[in-house]
Amino acid sequence: DCLCQALPELVVEFCVDTTLLGISLNPDVFEMRFLDPSPANRQDNLLFREAESQFLRMANFEKGGSSRYKVSKVELINNGSLNKRYEAKKTAFCKEGKSMDEDYVFHGTTDEFIKKIAKEGFKIGGVDVPKRVGNAFGTGVYTAQDPMTAMQYSKGSGKKVLLAQVLKG
């Protein structure tokens, strides 16, 4: 599937295991904060568990049912401008009678680019910004449904990957 629009939502930090969201459509809103996974903070706990579940489910799927990773932190991205752009694309799809199927994908990059993506959204290498990595499958933003693939591109990010909601189209 072609991923027509992507909304970076969460930065998932992971480590090797040895043993309902309110979003803003206000373009002036931009925040990144670590989620509190304690049961006392129900909303943060739910978001943390959603990111953790997606990460572990897909990591386990790729490794045949067992993963040596655990999620240690999840950072929420709330960017009103990007949220508004994503919702506008969904509305356009609806008006055009296109499928509004959504999914989650992982994107691996450096810490510097995680912050840029969180603030400005995904940019197409070779089109919107200089190309950083090859383009074996053509020009575009490369994502994966499994975090293991994305982790290969997370060099220098302290074992972090972006988890993005995508609108297929």
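1. Let me start with Glu102 and Lys90, whose side chains form a salt bridge with N to O at 3.6 Å (a Lys or Arg side-chain nitrogen within 4 Å of an Asp or Glu carboxyl oxygen). Because Glu102 sits in strand β4 (residues 102-107) and Lys90 in helix α2 (residues 80-95), the pair ties together parts 12 residues apart in sequence. Helices (H or I, at least four residues) and strands (E, at least two) are DSSP runs numbered from the N terminus. Glu102 is partly exposed at 33% relative accessible area, whereas Lys90, at 19%, counts as buried. Buried is under 20%, exposed over 50%, and partly exposed in between, with a 1.4 Å probe and protein chains only.

2. A word on the basis: this is a predicted model, where local features need pLDDT of at least 70, side-chain atom pairs count only at pLDDT 80 or more, and totals for chains, interfaces and linings use all residues. Residues are numbered from 1 along each chain as its sequence is written, and side-chain values use heavy atoms, leaving out hydrogens and water.

3. The whole structure holds 9 salt bridges. One of them joins Lys116 to Glu112 at 3.7 Å between the closest N and O atoms; the two are 4 residues apart in helix α3 (residues 111-120), so about one helical turn separates them. Through shared partners, Glu87, Lys90 and Glu102 form one salt-bridge network.
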